[in-house]
Amino acid sequence: MSGTTSTTDIQDTSPEEAAAKAGVLIESLPWLKRFRDQIIVIKYGGNAQISAMLDRLAIPSEFKGGYRVTNTDAISVVRMVLTGQINPQLVGRINAHGPFASGLSGEDAGLFGGRRRGVTIDGVEHDLGNVGDVVEVDPTAIHDHLEAGRIPVVSSIAPDLDRPGQ
């Protein structure tokens, strides 16, 4: 039975574990009260998983100014890791407590629009390939999920507004 706690689970919890969990809950109460009925956005990156997958596929990584230069091969891996691995993992962890979450990508339903950007190092502008900033958000899909009682988990991939279809 998903989302239930059995007597065995409670009995297996040591007093120290119970006290630690209670402490976390007590500490979070002011935050829960303050942000009740608010939309909260949590950005969760996957840099380590992306690097591991690029290494596994023998796709070289280059960094400039702390940012990964994301070529055509790398963006496919970034999409695969964020949308195909991390997003379902987060959805699964939330749904372990009940059918609350659903996964989306910033590419779905026109949710995000992005623009490429570079980085300036020592006064010189460098191209970062398919790296950019989200500059447009159409929250309709998010609101639809929230109204249906689901927690939307969105991977941060955005289509390039200046290069539609890519």
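This is a short chat about three residues, His-145, Arg-68 and Phe-35, in a predicted model.

Student: Where does His-145 sit?
Tutor: His-145 is part of helix H5, which covers residues 140-147.

Student: Buried or exposed?
Tutor: Buried, because its relative accessible area is 14% and the cut-off for buried is under 20%.

Student: Which side chain does the His-145 side chain make a polar contact with?
Tutor: That of Ser-102, at 2.6 Å. Setting aside neighbours within four places in sequence, the contacts of His-145 are Ser-102, Leu-104, Arg-150 and Pro-152.

Student: Switching to Arg-68. Which strand is it in?
Tutor: Strand E2, residues 67-69.

Student: What is the nearest side chain of opposite charge to Arg-68, and how many Å away is it?
Tutor: Asp-55, 7.1 Å away. Arg-68 is buried and has no salt bridge.

Student: What polar contacts does the Arg-68 side chain make, then?
Tutor: One is with the side chain of Ser-51, at 2.9 Å. Another is with the side chain of Ser-61, at 3.1 Å.

Student: And what else does Arg-68 touch?
Tutor: Not counting residues up to four places away in sequence, Arg-68 touches several residues, including Ile-50, Leu-54, Phe-63, Leu-128 and Val-131. Glu-62 and Asn-47 are also among them.

Student: New topic: where is Phe-35?
Tutor: In the loop between helix H2 (15-34) and helix H3 (47-56).

Student: Which residues make the nonpolar surface patch?
Tutor: Phe-35 together with Trp-31, Ile-40 and Ile-42. The patch is about 470 Å².

Note on methods. Residues are numbered from 1 along each chain as its sequence is written. This is a predicted model: local features need pLDDT of at least 70, side-chain atom pairs count only at pLDDT 80 or more; totals for chains, interfaces and linings use all residues. Side-chain values use heavy atoms; hydrogens and water are left out. Helices (H or I, at least four residues) and strands (E, at least two) are DSSP runs, numbered from the N terminus. Buried means under 20% relative accessible area, exposed over 50%, partly exposed in between (1.4 Å probe, protein chains only). A polar contact is a pair of N or O atoms within 3.5 Å; within protein, one must be able to donate a hydrogen and the other to accept it, and residues adjacent in sequence count only if both atoms are side-chain atoms. Contact means heavy atoms within 4.5 Å. Lys and Arg count as positive and Asp and Glu as negative; His and the chain ends are not counted. A salt bridge is a side-chain nitrogen of Lys or Arg within 4 Å of a carboxyl oxygen of Asp or Glu. Patches are made of residues with over 30% relative accessible area and no salt bridge: like charges are joined within 9 Å, nonpolar side chains (Val, Leu, Ile, Met, Phe, Trp, Tyr) within 5 Å. Accessible areas come from the Shrake-Rupley method with a 1.4 Å probe; for residues, only the protein chains shown count as cover.
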